[in-house]
Amino acid sequence: MSEPTVAITKTQNPLVAMYTLTPICQGQAMVDFGTDTTYGRSTAWYPTQVFTANILVAGMKASTTYHMRSQYQCNNSTFVGTSGDQTFTTGALPSTPFPKLAVARPNPTLSSTENPGIELIDLIDEAAPSGIMKAIITDRDANPIWYYDTGVAQGYWPYTYKLMPNGHMIFSITQTVAQGTILREVDLAGNTIREMNAGVLAQKMQAVGFNFQIGGFHHDLIPMDNGHLILLCNYYKPFTDLPGYPGVTNVLGDAIVDLDPNWNPVWAWSTFDHLDVNRHLNGLPDWTHGNAVVYSPNDGNLLLSMRHQSWVIKIDYNNGTGAGDVLWKLGYQGDFSLPTDDPAEWFSFQHYPWILSQSGPQTTLAIWDNGDNRVLNTSGEICGVAGSVPCYSRATIFQIDESTKAATLLWDDLPGFFSFFAGSINQLGNGNVEFDMNAPSGQSFAAQVQEVTHTADPQIVWQMTVPFPTYAYRAYRIPSLYPGVAWNY
């Protein structure tokens with residue numbers, strides 16, 4: 001076939017281009033792009049039809065000229081065609097202010113070991129909405145290469161957002177509890193594909209007979225490979241004369257809802273059905289305060305991190321057919337034992353457990369240990385109270401044996417200050433560990449993200465600082481803006 005014609009046009013996001021090939025065969029196509037004709041980055045491959053192929057190209061800096069070319073292949077053919085080079089100049093960043101991020105590489109001898117990828121940043125305001133852009137993806141020099149405005153001028157911010165298997169972004173957006181929360185899917189140009197508010201989901205749950213209806217979305221979601229979405233939700237339930245709480249107390253607990261590809265609820269789970277409402281480490285009404293849900297691929301179950309229980313629990317989800325039983329509780333006063341009886345070795349008020357590896361009953365978890373209310377000894381002394389030691393935070397990696405209920409702290413890093421809320425952690429492909437810390441006491445910045453060596457004496461390889469008034473609810477390395485594609489610089 002003859003080479004297709006190419007048109008590159010602007011989109012509503014000045015950092016994203018629409019690359020159009022016309023005509024094209026039924027098959028697949030992708031776009032290479034970069035600041036010169038060595039390109040260096042590429043999109044995913046997308047299926048094409050006989051007439052026109054439209055591919056969104058994202059991952060570019062503002063006000064910069066990029067070279068682009070496409071590769072295409074027809075079905076039933078080994079021939080791969082390559083188009084000629086074209087250029088596209090991105091626009092300026094919008095007037096909405098961006099945070100003044102700063103990157104440092106304090107150890108030059110380690111800078112060459114920095115893990116490839118880009119940085120996904122999810123910001124939250126300390127108090128009143130600042131209007132600063134909250135959903136930003138940058139290169140490792142802190143240059144924005146993608147963003148989405150959730151409505152920051154009106155106080156809407158992303159509780160979380162993630163890349164979907166179809167290449168879109170999925171957002172859990174909130175303003176205040178009273179005004180509700182929104183689930184929204186957008187393409188890379190920021191066009192809304194679909195959205196649903198929490199009230200609509202509550203109505204759907206009632207219509208199909210679930211025994212509770214959610215009040216809002218919060219903290220986390222999982223876009224599944226089968227098109228389902230796992231949502232972390234919450235709702236209030238009234239209790240009368242709980243110990244220490246006379247009268248009626250509206251207790252806030254967590255729920256998990258599984259949506260099918262059409263966003264209809266097909267499975268649901270509630271803390272109120274499985275946990276003791278009288279165990280609350282931070283008082284009521286905010287009883288469990290879930291902050292992350294993680295899919296366990298080796299058995300199809302779910303992990304739920306509950307800050308105000310200092311537990312990570314495993315739930316019988318079984319890919320949507322499970323009964324919802326709590327299979328185990330990991331943490332202080334849970335089902336697992338440590339090699340010593342020192343309770344301070346456990347995490348406390350943690351965020352973001354992440355499965356690093358699984359082999360039979362052995363699971364290795366990275367957990368960001370905020371450290372609030374840490375139990376310091378067998379006498380039950382709590383950090384941070386009068387006469388006690390200050391609280392402290394850690395990046396941790398635990399190994400657990402689900403068959404023997406034995407847990408081991410394999411590695412930790414104490415950055416030297418107390419990050420009392422939020423945060424994330426993961427181990428990178430090169431073995432380094434990256435974590436996000438917030439609200440460090442006495443520091444000149446609101447958040448800091450570090451990539452450190454996974455060694456007994458961790459060394460900082462790369463770090464990003466976030467200034468006040470915004471904190472980084474989560475910040476972590478992703479391979480690229482396209483599923484299955486890794487950008488190696």
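Close-up 1. Most residues other than glycine have a negative phi, and most peptide bonds are trans. Ser310 lies in the loop between β23 and β24; strands are DSSP runs (E, at least two residues) numbered from the N terminus.

Residues are numbered from 1 along each chain as its sequence is written. The model is predicted, so that local features need pLDDT of at least 70 and side-chain atom pairs count only at pLDDT 80 or more, while totals for chains, interfaces and linings use all residues; side-chain values use heavy atoms, with hydrogens and water left out.

**Close-up 2. The sheet β22-β23-β24-β25.** Four strands form this open sheet with antiparallel pairing, where two strands pair if DSSP finds at least two bridges between them. Its edges are β22 (290-296) and β25 (326-331), each of which pairs on one side only. On average, neighbouring strands are turned by 20° against each other, direction ignored; axes are lines fitted to C-alpha atoms, and angles run from 0 to 180 degrees between N-to-C directions. Strands β23 (residues 301-306) and β24 (residues 311-315) run antiparallel and are joined by five bridges. Leu303 stands opposite Lys314 in β24.

**Close-up 3. The cis peptide bond at Pro285.** Leu284 and Pro285 are joined by a cis peptide bond with omega of about 20°. Pro285 is placed in the loop between β21 (265-270) and β22.

**Close-up 4. The sheet β1-β2-β6.** Three strands make up this open sheet, and the pairing is antiparallel. The edge strands, β1 (5-10) and β6 (53-57), each pair on one side only. Six bridges link β1 to the antiparallel strand β2 (residues 17-22). Within β2, Leu21 is the bridge partner of Val6.

**Close-up 5. The cis peptide bond at Pro23.** The peptide bond between Thr22 and Pro23 is cis, with omega of about -20°. Pro23 is found in the loop between β2 and β3 (27-34).

**Close-up 6. Positive phi at Lys405.** Lys405, a residue other than glycine, has a positive phi near 55°. Its place is the loop between β28 (394-401) and β29 (406-413). With 25% relative accessibility, Lys405 counts as partly exposed.

Definitions and conventions. Buried < 20%, exposed > 50% of the residue type's maximum accessible area, 1.4 Å probe, protein only.
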